[in-house]
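Please keep the sequence and the coordinates at hand while reading.

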Amino acid sequence: MATIVIPFLEPIENLRDKILELEMDTRKGIDNSSELDKTRREHEETVNRIFSSLTRWQRCLLARHPDRPYSLAYIHDIFTDFTEFHGDRRFGDDPAIVAGFARFGGEPVAVVGHQKGRDTAEKVRRNFGMPRPEGYRKAQRIMKLAAQFKRPIISFIDTPGAYPGIDAEERGQAEAIADNLLVMAGLPVPIIVVVTGEGGSGGALGLGIGDRILMAEHAIYSVISPEGCAAILWKDPARTEEAAEALHLTSPDLQQLGVIDEVLPEPFGGAHMDPGGMASTISDAISRHLKQLKKVRPDVLVARRYKKFRAMGTSTDR
Amino acid sequence: MKKGQGVPRGLWIKCDSCGAILYHKEAADNLHVCPKCDHHFRLTASQRLASLFDGDRYKVLFNRVRSTDPLGFVDSKAYSDRLKTYQKRIGPQDALLVGQGEIDRGPTVIAAMEYGFMGGSMGSVVGEKLALAAERCLDRRFPLVIVSCSGGARMQEGILSLMQMGKVSAALARMREKQLPYISVLTDPTTGGVTASFAMLGNLNIAEPGALIGFAGPRVIEQTIRQTLPAGFQRSEFLLEHGMLDLVVHRHELKETLATCLGYFR
Ligand SMILES: [Zn+2]
């Protein structure tokens, strides 16, 4: 279970602990079925109550939940025969992005995604899911390979953002992201993007151009983190929750703004409560969209992708 | 003089680099470059366009495109009010002025960012006008020049600002496919989502000397790594050394360099 307690989830976690204890007692032969039923009902009601009125900031906390499944977990659940490939052939291999090929429903596909670490050592190794330029370049290499062999691309988005460090700047963080945007816009194969956790600004978008943009219910996707926004616009880090509200960064927000195509409902209590269930929802969605996209001629696919992004934004000329 | 050019009002200005006190006209006659130390002062978008087009002449394009405040964003002030203030102070162009004219007698579209308008930030209007500019170039087989000067994506339009990076990059991909030249000119400052999209996507990337160019802002990097940054970090010359730029060009030579380069591709 979570080592970091997220305050608004505490009542749910307390009830879960209580259920586990009661279940243990039941196994020991103690009859507590009425209390167990009552606690389970209470748990369900509490989850429903809390999840029916989530604030945008609470969704940020869910998107960053320490037990939330990360890309590799989904990849192993959704695909078969996954082989991870390494390196950008320019500088190195960035563990903050994973890339490779796998089979989906028997058919070969390319898979790319941000990757966060679970324990401290892995977190550090994967740089908390914050890629350096070589990560974006590795992903581009694999995506071009997919185009060469006419394989669809599935991209998983989950990053706080691209790494803001001296080495990343020296090696062209901006260029690496920019070039991915340009290249992904033109790849003549279906691209399905799934925002599973944190969609942190340009670092997310660098793997985020596609024909379908799907988003897990409690994922977030934003131009800037609420913390960064509060510090810049409010000049007060304490106003992070307000910034989260103002930024409209949740899945219903993005659907309403025409940025994403579909919200993928999360299991009861969030993806971290049932990673397998979430994976199966994502898998079904990929299957549905891939079926449609595979019927589209490559040039039409690219033209529609252009139209899709061309239409994003709101302005008037009257 | 308008605010936001790095030059205060009045007859006399002080160079923010060498501290020299200059007669305003002296700087203006020198394309707003300090005659003492060569520091490049920031230009407004209209000064920029005039400095690059033949005979200082150009037709302004797409200048009716306006933001609609899609999120109803309010921080210390409502975004809609902020927009009105800037429109009154700077003009209707938002953070981008697009002009069509000639460079060395060849028809060219130049889009110059307006730093004075909310730090040159890119929201839907900047993205839309850049897409329209690229589409005009595709239509008429014109080359495109974008002069960047921006702190990045506009927070007040949230995710829609981020998506402009994808939109403009996709339009540039089309230009590349149709063999139409696009030259990116990077000026002080060019950071964030602008650098991580069209500013780094030129067939050629050309910067003015001493410009701050980067993905993350220097303060963000310092806070992340908790150390002071080396001198010259993220300046044009640093990027040239690291292979991110084709050229660093003095403002006095910029027009001629653009003419020469566009000539290679026409
Ligand atoms: Zn000076």
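This is a predicted model: local features need pLDDT of at least 70, side-chain atom pairs count only at pLDDT 80 or more; totals for chains, interfaces and linings use all residues.

Two strands are said to pair if DSSP finds at least two bridges between them. With that term in place, Ser315(A) can be located opposite Ser67(B), a residue of strand 4 of chain B. The account below takes up each chain in turn and then returns to the place where they meet.

Chain A contains 14 helices and nine strands. Its C-alpha trace extends over about 65 × 50 × 45 Å along the principal axes. The radius of gyration of chain A is 21 Å, which agrees with the value near 20 Å that a compact globule of 318 residues would have. Of these 318 residues, 48% count as buried. Among the contacts in chain A with a separation of 6 or more, 70% are made by residues 24 or more positions apart.

Chain B has eight helices and 10 strands. Its radius of gyration is 18 Å, close to the 18 Å given by the globule rule for 266 residues, so chain B is as compact as a globular protein of that length. The C-alpha trace of chain B spans about 45 × 45 × 40 Å along its principal axes, and 52% of its residues are buried. Of the contacts in chain B with a separation of 6 or more, 67% involve residues 24 or more positions apart.

Chain B is divided into two domains, with domain 1 comprising 1-41 and domain 2 comprising 43-265. Their centres, taken over C-alpha atoms, are separated by 22 Å. Where the two domains of chain B touch, nine residues of domain 1 are in contact with 13 residues of domain 2. The domain 1 side of this contact holds two nonpolar, five polar and two charged residues.

Helix 5 of chain B is mostly covered, with 18 of its 20 residues buried. Just after this helix, Gln179(B) adopts a positive phi of about 55 degrees.

The contact between the chains takes 44 residues from chain A and 51 residues from chain B. On the chain B side, strand 4 (66-67), helix 4 (124-140), helix 5 and helix 6 (218-225) each supply at least two residues. Helix 5 of chain B provides the largest share of that side, with 16 residues. By class, the residues on the chain B side divide into 27 nonpolar, 17 polar and seven charged. Helix 5 of chain B is thus both mostly covered and the source of the largest share of the side of chain B that touches chain A.

Definitions and conventions:
Residues are numbered from 1 along each chain as its sequence is written. Chains are lettered from A and ligands numbered from 1 in the order in which they are written. Domain bounds come from an automatic or database domain assignment. Two residues are in contact if their C-beta atoms, placed from the backbone, lie within 7 Å. Ala, Val, Leu, Ile, Met, Phe, Trp, Tyr, Cys and Pro count as nonpolar, Asp, Glu, Lys and Arg as charged, and the others, Gly among them, as polar. A residue is buried if 20 or more other C-beta atoms lie within 10 Å of its own, exposed if 12 or fewer, and partly exposed in between; C-beta atoms are placed from the backbone. Helices (H or I, at least four residues) and strands (E, at least two) are DSSP runs, numbered from the N terminus. The radius of gyration is taken over C-alpha atoms; the globule rule is 2.2 Å times the number of residues to the power 0.38.
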